[in-house]
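Student: I have a model open and would like to go through one part of it slowly. Could you take a sheet with me, strand by strand?

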Amino acid sequence: MSTVTIIDYGSGNLRSAHKAFERAARETGTGDTILVTDDVEAVRRADRIVLPGVGAFADCRAGLDAVTGMVEVLEERVIRGGVPFLGICVGMQLMATEGREKAVTKGLGWIPGSVVRLEPKGGLKVPHMGWNTLTFRQSHPLLQGIPDGETGLHAYFVHSYHLETERPETLIATADYGQQVTAIVGRDNMLGTQFHPEKSQTLGLRLIGNFLRWKP
Amino acid sequence: MTLKTRIIPCLDVKDGRVVKGVQFVDLIDAGDPVEAAIAYNAAGADELTFLDITASSDNRDTIFDVVARTAEHCFMPVTVGGGVRKVEDIRKLLLAGADKVAINTAAVNDPDFVARAADKFGDQCIVVSIDARRRQTRAPGQHNMDEWEIYTHGGRNPTGIDAVEFAARMVERGAGELLVTSMDRDGTKSGFDLELTRAIADSVHVPVIASGGVGSLDDLVDGVKKGHASAVLAASIFHFGTFTVGEAKDYMERHGIPMRRDSNAGEI
């Protein structure tokens, strides 16, 4: 039995994320303990780390920086320690080199690329809000049991910016919304989803379940 | 692949109970909003909205319990409106498990509240709820013109403010979505006020949810095709079992509107 920490740095609806991870842990039989915490030491001890985030990129970065030692412990555990990591929404965007929302803000620099405003063709609304299907750009253990394409399952998106990756090998899945929207990025032991798995019903619970079993 | 049009059942909650009544056959307690939420979740609803119409401040906390219990079972977006006046109200709802909050009266009284809320929690989280009624105006030498005036306090207080202008101002302040309710149509089952919906949807870049007046499945189709809404909200046609969410999706899909048809709601 292992411990999964969801990092609480003052951003977002952590209760629904907490409940979704608990449900997935029950249904996959991994029996993990799900901890929502701002305690750097708890994150250091965690077997898996989840970084959620809603709102503006710069605010989330500032919120993360405001927890003394959190960015350092993330670097230590995720980059050097190889602990499985999942970023959600702005938590995923923070994996980028930089965000270009309002001002240019440095990200964690784990996935080379920038977070830029969506510019869908055809006068489509921004934010991209609602349910969309995915196109997988490569196979990945976290996508197991999730059908993609037109007849595939849907993910719940709500965002006005997305992560443009510099390296195609880090682009795992996209969605189509008047442009190619980055839906999932990843490399090694880290994955980030622009959509909200904790709000994406079947697709979301499957992805979270896969994350809990993931041995990168 | 496209973004799917959302169907959003709306539950009016008073003192922690559903007030319009919900008549699902499989509900143990038709007055419990959480049971209703679970049933809609299983039926394929794309989001849920709770409108808290609790009058007494003593019972305001009941909605937090409703939201918290819903978050245990429903892994889909939940919006809560009613009585959202302060940043602290929003924080408490989000911590309970809400994803978005709908702001009505407070947005009119203090438009900067919307800006503060959007800065703090992100645009995606802030829905401005616009209750509007038609009025006729006549400039000298012109024909009568319809416009829409917004009301506050659950539709009791006229404000003199034009709905389309107000909508644009709210989006400037950071509203991520607009819930547009026609008070003329609400409860009439005669269809959305399509001109109102379209006037606002065509003038803002954020999604508009059409609300007020749904009586048939054609009304839902019209809300999207003629009203240009990104989502449709309805209460009684679903609560009273006139149509299921699945039937609504079948119908809208047959009329060329892309729908999310994930087969079921929960298991891994």
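Student: What is the order of the strands in the open sheet of four strands in chain A, and how do they pair?

Tutor: Keep in mind that this is a predicted model. The order in that open sheet of chain A is 6-5-7-11, and the pairing is mixed. Let's start at the edges. Strand 6 (103–106) and strand 11 (161–165) of chain A each have a single partner strand, so one side of each has no neighbour in the sheet. From one strand to the next, the twist averages 20°.

Now for strand 11 of chain A and its pairing. Strand 7 of chain A, residues 111–117, runs antiparallel to strand 11 of chain A, and five bridges link the two.

For another look at strand pairing, hop over to chain B and pick strand 1, residues 6–14. Eight of the nine residues in strand 1 of chain B are buried, so this strand is mostly covered, going by the cut-off of 20 or more other C-beta atoms within 10 Å. Strand 1 of chain B pairs in the parallel sense with strand 3 (residues 48–52) of chain B, over four bridges. Within that pairing, B:Cys10 has B:Thr49 as its bridge partner. Strand 11 of chain B, residues 231–234, also runs parallel to strand 1 of chain B, and four bridges join them. There you can find B:Pro9 opposite B:Ala234.

Then there's strand 2 of chain B, residues 17–18, which pairs with strand 1 of chain B in the antiparallel sense over two bridges. B:Val13 sits opposite B:Val18 in this pairing. These two strands of chain B make a hairpin with two residues between them, and B:Asp15 in the turn has a positive phi of about 50°.

Last, see how the chains meet: 38 residues of chain A are in contact with 36 residues of chain B. On the chain A side, the elements that each supply at least two residues are helix 1 (14–28), strand 8 (128–133), strand 10 (154–159), strand 12 (171–176) and helix 6 (201–213). Helix 1 of chain A gives the most, with seven residues. Sorted by class, the side of chain A that touches chain B has 14 nonpolar, 15 polar and nine charged residues.

Technical notes:
Residues are numbered from 1 along each chain as its sequence is written. Chains are lettered from A and ligands numbered from 1 in the order in which they are written. This is a predicted model: local features need pLDDT of at least 70, side-chain atom pairs count only at pLDDT 80 or more; totals for chains, interfaces and linings use all residues. Two residues are in contact if their C-beta atoms, placed from the backbone, lie within 7 Å. Ala, Val, Leu, Ile, Met, Phe, Trp, Tyr, Cys and Pro count as nonpolar, Asp, Glu, Lys and Arg as charged, and the others, Gly among them, as polar. Two strands pair if DSSP finds at least two bridges between them. Axes are lines fitted to C-alpha atoms, for helices over the stretch in contact, and angles run from 0 to 180 degrees between N-to-C directions. A residue is buried if 20 or more other C-beta atoms lie within 10 Å of its own, exposed if 12 or fewer, and partly exposed in between; C-beta atoms are placed from the backbone.
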